[in-house]
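Biologist: I am new to this structure, and I would like to learn how to read its features one by one. Could you show me the general idea each time and then the case at hand?

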Amino acid sequence: MKILSIQSAVAYGHAGNSAAVFPMQRIGVEVLPVYTVNFSNHTGYGAWRGPLIPPADVAEVITGVEERGAFPSLDAVLSGYQGSEGIADVIIDAVARVKAANPAAVYACDPVMGNAKSGCFVAPAIPGLLRERVVPVADVITPNQFELGFLTETSPDTIESTLASADLARELGPRTVLVTSVERPDRPEGTIEMMVVDDSGAWIVQTPFLDMKANGSGDVTAALFTSHYVATGSAPEALARTSSSVFGLLEQTYAVGDKELQLVQAQEHFAHPRMEFAVRQLR
């Protein structure tokens, strides 16, 4: 499998492509990373150095990949954090060209905007661009519950309302919606859930909740889910594998008390997920 991954990059720690590429490689995916920013560290620290890469330069890199004849063999395009407004046009154009070369290719968009605790942390124009222009051309989206609410102008909290919001998101264009960080009021204490909805049904998985800030974990989740979903065509299997791998990564990170994901140290959780969490069908 080959995936073109258009995301940010950091030198220190793991976020964007610096979080997504290695887990995909560890499960056998050939990744073609294209960087949208080149920062010293993720922005959660409050200070960072390094450039936003101009959209024209990002487009040049993608064109160079196309000129090598790679597009017909791409199985998916994956995008995450968009550092500047112009990146949306570059991504949309790249997706169109990849799909022209391989109509079976999938576009998976992680519509990174923020979370319930921090609110929106992207440039003011980005959320509107995602909702109006990027998400409608995606096949798969992987919002957290907060981002799902923004995309659909709803306030999902229960299983029923989150399902309803996912259905609204699917009406925007994507056929598959993975909702991460599902927090319903009536869930058992100390748990968190992920939900996936596609044409074949809806499923949910529950894992222990670890009280930690894990920048980059959403990037890992989107990357692994996209890889497993494209490889198997099965939403519940992709959900089971992804939830197991991501929990293993977070558990190992939590155990050492580091601010950064223990991505390399936890690699066996990507290659050989323990599959310890039951996936329950909702419909």
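Modeller: Let us begin with the loop between α5 (145-152) and α6 (159-171), where Glu-153 lies. Please keep in mind throughout that this is a predicted model.

Biologist: Is Glu-153 buried or exposed, and how do I read that?

Modeller: The general idea is a cut-off on relative accessible area, with buried meaning under 20% and exposed meaning over 50%. Glu-153 has a relative accessible area of 66%, and therefore it counts as exposed.

Biologist: What is there to notice about the phi of Glu-153?

Modeller: The general idea is that most residues other than glycine have a negative phi. In this structure Glu-153, which is not a glycine, has a positive phi near 55 degrees, and this residue comes just after α5.

Biologist: Where does Ser-181 lie, and what is its phi?

Modeller: Ser-181 belongs to strand β8 (residues 176-182), and although this residue is not a glycine, its phi is positive, at about 55 degrees. With a relative accessibility of 34%, Ser-181 counts as partly exposed, because that value falls between the 20% and 50% cut-offs.

Biologist: Let us return to α5: how many of its eight residues are buried, and how should I read such a count?

Modeller: The idea is to count the buried residues along the helix, and in α5 six of the eight are buried, so this helix is largely enclosed by the rest of the structure. The buried residues are Gln-145, Glu-147, Leu-148, Gly-149, Leu-151 and Thr-152. At the start of α5, a side-chain oxygen of Asn-144 comes to within 3.1 Å of the backbone nitrogen of Phe-146.

Biologist: Which residues does Leu-172 contact, once its neighbours within four places in sequence are left aside?

Modeller: With those neighbours left aside, Leu-172 is in contact with Val-135, Pro-136 and Leu-151, and Leu-151 is also one of the buried residues of α5. Leu-172 itself sits in the loop between α6 and β8 and is partly exposed, at 31% relative accessibility.

Biologist: How do I compare separation along the chain with separation in space?

Modeller: One sets the number of residues between two positions beside the distance between their C-alpha atoms. Leu-172 and Thr-152 are 20 residues apart along the chain, and their C-alpha atoms are separated by 8.7 Å. Another pair is Ala-100 and Gly-173, which lie 73 residues apart in sequence and 18 Å apart in space, C-alpha to C-alpha. Ala-100 is found in helix α3 and is exposed, with a relative accessible area of 64%.

Biologist: At what angle do α2 and α3 pack?

Modeller: Helix α2 (residues 55-67) and helix α3 (residues 87-101) pack at an angle of about 15 degrees, and their axes are 9 Å apart. That angle makes α2 roughly parallel to α3, because angles under 35 degrees count as roughly parallel. The crossing of α2 past α3 is right-handed.

Biologist: Which residues of the two helices make this contact?

Modeller: From α2 come Pro-55, Val-58, Ala-59, Ile-62, Thr-63 and Glu-66, and from α3 come Ile-87, Val-90, Ala-94 and Arg-97. By class, the residues of this contact of α2 with α3 divide into seven nonpolar, one polar and two charged.

Biologist: How do α1 and α7 cross?

Modeller: The axes of helix α1 (residues 17-26) and helix α7 (residues 217-232) come within 8 Å and cross at roughly 35 degrees, and α1 passes α7 in a right-handed crossing. Here Ala-19, Ala-20, Pro-23 and Met-24 of α1 meet Asp-219, Val-220, Ala-223, Leu-224 and Ser-227 of α7, a contact with seven nonpolar, one polar and one charged residues.

Biologist: How many of the ten residues of α1 are buried, and what do the buried ones pack against?

Modeller: Seven of the ten are buried, so α1 is largely enclosed by the rest of the structure. The buried residues of α1 pack against β1 (2-10), β2, β3 (76-79), α7 and α9 (267-271). After α1 comes Gly-28, whose phi is positive, near 100 degrees.

Biologist: Which polar contact does the side chain of Asn-41 make?

Modeller: The side chains of Asn-41 and Ser-40 are joined by a polar contact of 2.6 Å. Asn-41 lies in the loop between β2 (30-39) and α2 and is buried, with a relative accessible area of 12%. Leaving aside neighbours within four places in sequence, Asn-41 is in contact with Val-10, Tyr-12, Ala-47 and Trp-48.

Methods:
Residues numbered from 1 in each chain as written. Predicted model: local features only at pLDDT ≥ 70, side-chain atom pairs only at ≥ 80, totals over all residues. Heavy atoms only, no water. Axes fitted to C-alpha atoms, helices over the stretch in contact; angles between N-to-C directions. Helix = DSSP H or I, 4+ residues; strand = E, 2+ residues; numbered from the N terminus. Parallel < 35°, antiparallel > 145°, perpendicular 65-115°, else oblique. Left-handed = near helix turned anticlockwise from the far one by under 90°. Contact = heavy atoms within 4.5 Å. Nonpolar A, V, L, I, M, F, W, Y, C, P; charged D, E, K, R; others polar. Buried < 20%, exposed > 50% of the residue type's maximum accessible area, 1.4 Å probe, protein only. Polar contact = N/O pair within 3.5 Å; in protein donor to acceptor, adjacent residues only side chain to side chain.
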